[in-house]
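Please read it alongside the display below.

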Amino acid sequence: RRDNFLMTDVICPMYPTLEDMEHWLEVGDNVRPYIMCEYSHAMGNSNGGLADYWKLIRSNKGFQGGFIWDWIDQGILQIDKDGRS
C-alpha cells in the first residue's frame with residue numbers, strides 16, 4: 001500500500017517506519033507534501049525516538065512533519081468531597 005497514494009493531494013501515512021519514508025524518497029512522486037497524519041503516540045512524556053524521524057524529515061523538502069496523538073492526558077479532573085483532586 002505504501003506506493004498507492006494516488007487519491008490525495010498530500011501523502012499522509014499513519015505511523016510510517018523510517019524505512020517506509022526512505023522508500024518514498026526513492027520511488028515517490030516528490031511533488032505532493034509528505035505529512036504523517038500520526039507518527040507517535042504520547043501519553044504524558046512516554047514517546048521517544050523522534051530525533052530519528054526529524055533527521056529524515058529535515059533531509060528532504062517534501063517531508064512536512066506530522067502529528068502526535070495524545071500529547072496531553074485527556075482525563076477530566078475530578079474533585080472529591082474533601083476537595084482533593
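Two salt bridges are present in the structure, which is a predicted model. Arg84 takes part in one with Asp80 and in another with Asp82.

**Salt bridges**

- In general, side chains of opposite charge can pair when their charged atoms come close.
- The side chain of Arg84 meets that of Asp80 at 3.0 Å, taken from N to O.
- The cut-off for a salt bridge is a nitrogen within 4 Å of a carboxyl oxygen, and the Arg84 to Asp80 pair has 3.0 Å.
- Arg84 itself is exposed, because its relative accessible area is 52% and the exposed class is over 50%.
- Asp80 has a relative accessibility of 31%, so this residue counts as partly exposed.
- The side chains of Arg84 and Asp82 form a salt bridge as well, with 3.3 Å from N to O.
- Asp82 counts as exposed because its relative accessibility is 54%.
- Through shared partners, the salt bridges link Asp80, Asp82 and Arg84 into one network.

- Ser40 lies in strand E1, which covers residues 34-41.
- Is Ser40 buried or exposed? Its relative accessibility is 7%, so Ser40 counts as buried; the buried class is under 20%.
- Which residues does Ser40 contact, leaving aside its neighbours within four places in sequence? They are Tyr15, Asn47, Leu50, Phe67, Ile68 and Trp69.

**The chain as a whole**

- The protein chain has two helices and two strands.
- Along the sequence, these elements follow the pattern α-β-α-β.
- The protein chain has 85 residues, and 25% of them count as buried; Ser40, at 7% relative accessibility, is a buried residue.
- For contacts between residues at least 6 apart in sequence, 57% join residues that are at least 24 apart.
- The accessible surface of the protein chain is about 6500 Å². Carbon and sulfur atoms account for 54% of that surface.

Terms used. Residues are numbered from 1 along each chain as its sequence is written. This is a predicted model: local features need pLDDT of at least 70, side-chain atom pairs count only at pLDDT 80 or more; totals for chains, interfaces and linings use all residues. Side-chain values use heavy atoms; hydrogens and water are left out. Helices (H or I, at least four residues) and strands (E, at least two) are DSSP runs, numbered from the N terminus. Buried means under 20% relative accessible area, exposed over 50%, partly exposed in between (1.4 Å probe, protein chains only). Contact means heavy atoms within 4.5 Å. Accessible areas come from the Shrake-Rupley method with a 1.4 Å probe; for residues, only the protein chains shown count as cover.
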